[in-house]
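Thanks, everyone. Let me put the structure up, and we will walk through it together.

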Amino acid sequence: MGFEVTKLENGLTVVSETMPHLESAAVGVWVAAGARSERPEQHGISHLLEHMAFKGTRRRDARQIAEEIEAVGGEINAATSVESTAYYARILGGDTALAVDILSDILTESVFDAGELKREQHVILQEIGAAYDTPEDHVFDQLQQSAFPGQSIGRPILGTPETVAGFTPDHLRGYLDTHYRGGSMVLAAAGAIDHAALVGLARERFGVLPDGPSPVQETARYEGSDWREARDLQEVQITLGFEGRTYTSPDHYAAQVLASTLGGGMSSRLFQEAREKRGLCYSISAFHWGYADTGLFGIHAATGENDVDALMPVMLGEIERIAADLEAREVERAKAQMRAGLLMSLESPTARASQLARQILIYGRPLETREITQRIEAVTVEQVRRLAGEMFTGSRPTLATIGPAATEIDPSGIARRLGARAAAA
């Protein structure tokens, strides 16, 4: 059967999809609050709150939370993103009530003990250090920050050592009270699930949530800039970005197709030209991230110091050419990859629950699989070509690089080559 949706009196949306062939289920809570919900002095609090939710409630300490879910063979986890935070569990269908009880407990009854907070702050400081020490991760944080400088959407999710170390239990409680409200939360489940029973559990355990949505997020402004760090590494990490499209834009799926044809797999243009034909890099790819009011299209490559000068013209050449000579077979291959990825994800209850929740947060409703595939099928060669022309010459390029030759890359030269409008931005 398909999905079912119920909205509770306090605005919490409950959505589920029964997958009759499964014995297991995934259930979770998705909150429309992430890194871009934070004020400057709150930088990193969304991620810290996600960690602290598992550190003790009025009914369970941290060990009991872990032991109770693992005693039935389940697992529980959480993740913070730019625009949302998710708390989810995977269990056998008969243990759904326990999972909902634990999820509600950590989201409505957390005590935020000062001792636990101090320990978790230390853990996150280590995580921040590990991210800096991983250039292929750190460069993406810097790309986002350079694309949206001085804005919440551009700040790294983890926060800074200074902001994270300064949070108190009262800061966490205040952020929770402000952003974790019924109207901005979705309880989603998929697998061996009974919707009516799930709604009953939601009313019982999440009925205490205040109604209403969380505050409106700061409007994003793509600006584009460059960040380059010379570091003694074996590889140079290169990212090049452009203003993308929102996930509600008519061009959203075209942007995904463009990313796939340019650098979405081994058959993509960048992979074939830069790696297979010329051997100029170990890895190269393209991506598109949609957000509520903006987007970021990017290219990432990892290459040796001596290959940077040869790789950059190849990357820029493929960017220039795709708007003029993209072929129908390339678009069809990209659409086939997207369709297959969508249908394969439906076989995972965790992925399906996440899809349902994110669609409600984005569109206000779940999307039928057929509706999504129709949107993918509607993308044309002409649309992708037009979008490529607009995207690569209509916004100032963003450059973020780390490595031994990072400072030798000329961002103004990139802008000049891709178009006068970009160079003048």
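Start with helices α11 and α15. α15 covers residues 381–394. The axes of α11 and α15 come within 7 Å, and they cross at roughly 145°. The model here is a predicted one, by the way. The crossing of α11 past α15 is left-handed.

Which residues of α11 meet α15? On the α11 side, they are Ile319, Ile322, Ala323, Ala324 and Asp325. On the α15 side, look for Arg385, Ala388, Gly389 and Phe392. By class, this contact has 6 nonpolar residues, 1 polar and 2 charged.

Stay on α11, which runs over residues 308–325. Anything under 35 degrees counts as roughly parallel. α11 and α16 are therefore roughly parallel to each other. This time α11 passes its partner, α16, in a right-handed crossing.

Now the residues. α11 brings Met312, Pro313, Leu316, Gly317, Ile319 and Glu320. α16 answers with Ile414, Arg417 and Leu418. The contact of α11 with α16 divides into 6 nonpolar, 1 polar and 2 charged residues. Note Ile319: this residue is listed for α11 in the contact with α15, and again in the contact with α16.

Is Met315 buried or exposed? Met315 is buried, with a relative accessible area of 0%. What does Met315 touch, leaving aside neighbours within four places in sequence? The contacts are Leu270, Ile284, Ile299 and Ala301. Compare that with Thr294, 21 residues from Met315 in sequence. The C-alpha atoms of Met315 and Thr294 are 24 Å apart in space.

Next, Glu318, also found in α11. Its side of the story is accessibility. Buried means under 20% relative accessible area. Glu318 is at 6%, so this residue counts as buried. Not counting residues up to four places away, Glu318 touches Leu262, Arg269, Leu270 and Glu273.

Leu258 is buried, at a relative accessible area of 0%. Which residues are in contact with Leu258, beyond its neighbours within four places? They are Phe297, Ile322, Val384, Ala388, Met391 and Phe392. One distance for scale: Leu258 and Ala310 are 52 residues apart along the chain, and their C-alpha atoms are separated by 24 Å.

Now to another pair of helices, α3 and α8. α8 is residues 195–206. The α3 and α8 axes come within 10 Å and cross at roughly 25°. α3 and α8 are therefore roughly parallel to each other. Their crossing is right-handed.

From α3, the residues in contact are Thr96, Ala97, Val100, Asp101, Leu103, Ser104, Asp105 and Leu107. From α8, they are Leu198, Leu201, Arg205 and Phe206. Sorted by class, the contact of α3 with α8 has 7 nonpolar, 2 polar and 3 charged residues.

Where is Phe112? Phe112 lies in the loop between α3 (96–108) and α4 (114–132). Most residues other than glycine have a negative phi. Phe112 has a positive phi, near 50°. Phe112 is also buried, with a relative accessible area of 5%.

Finally, step back to the whole chain. How many helices and strands are there? The protein chain has 17 helices and 11 strands. Its radius of gyration is 23 Å, close to the 22 Å that the globule rule gives for 425 residues, so the chain is as compact as a globular protein of that length. Along its principal axes, the C-alpha trace spans about 60 × 50 × 35 Å. Of the 425 residues, 55% count as buried. And what about contacts across the sequence? Take those with a separation of 6 or more: 81% of them join residues 24 or more positions apart.

That is the tour.

Technical notes:
Residues are numbered from 1 along each chain as its sequence is written. This is a predicted model: local features need pLDDT of at least 70, side-chain atom pairs count only at pLDDT 80 or more; totals for chains, interfaces and linings use all residues. Side-chain values use heavy atoms; hydrogens and water are left out. Axes are lines fitted to C-alpha atoms, for helices over the stretch in contact, and angles run from 0 to 180 degrees between N-to-C directions. Helices (H or I, at least four residues) and strands (E, at least two) are DSSP runs, numbered from the N terminus. Angles under 35 degrees count as roughly parallel, over 145 as roughly antiparallel, 65 to 115 as roughly perpendicular and the rest as oblique. A crossing is left-handed if the near helix is turned anticlockwise from the far one by less than a right angle, and right-handed if clockwise. Contact means heavy atoms within 4.5 Å. Ala, Val, Leu, Ile, Met, Phe, Trp, Tyr, Cys and Pro count as nonpolar, Asp, Glu, Lys and Arg as charged, and the others, Gly among them, as polar. The radius of gyration is taken over C-alpha atoms; the globule rule is 2.2 Å times the number of residues to the power 0.38. Buried means under 20% relative accessible area, exposed over 50%, partly exposed in between (1.4 Å probe, protein chains only).
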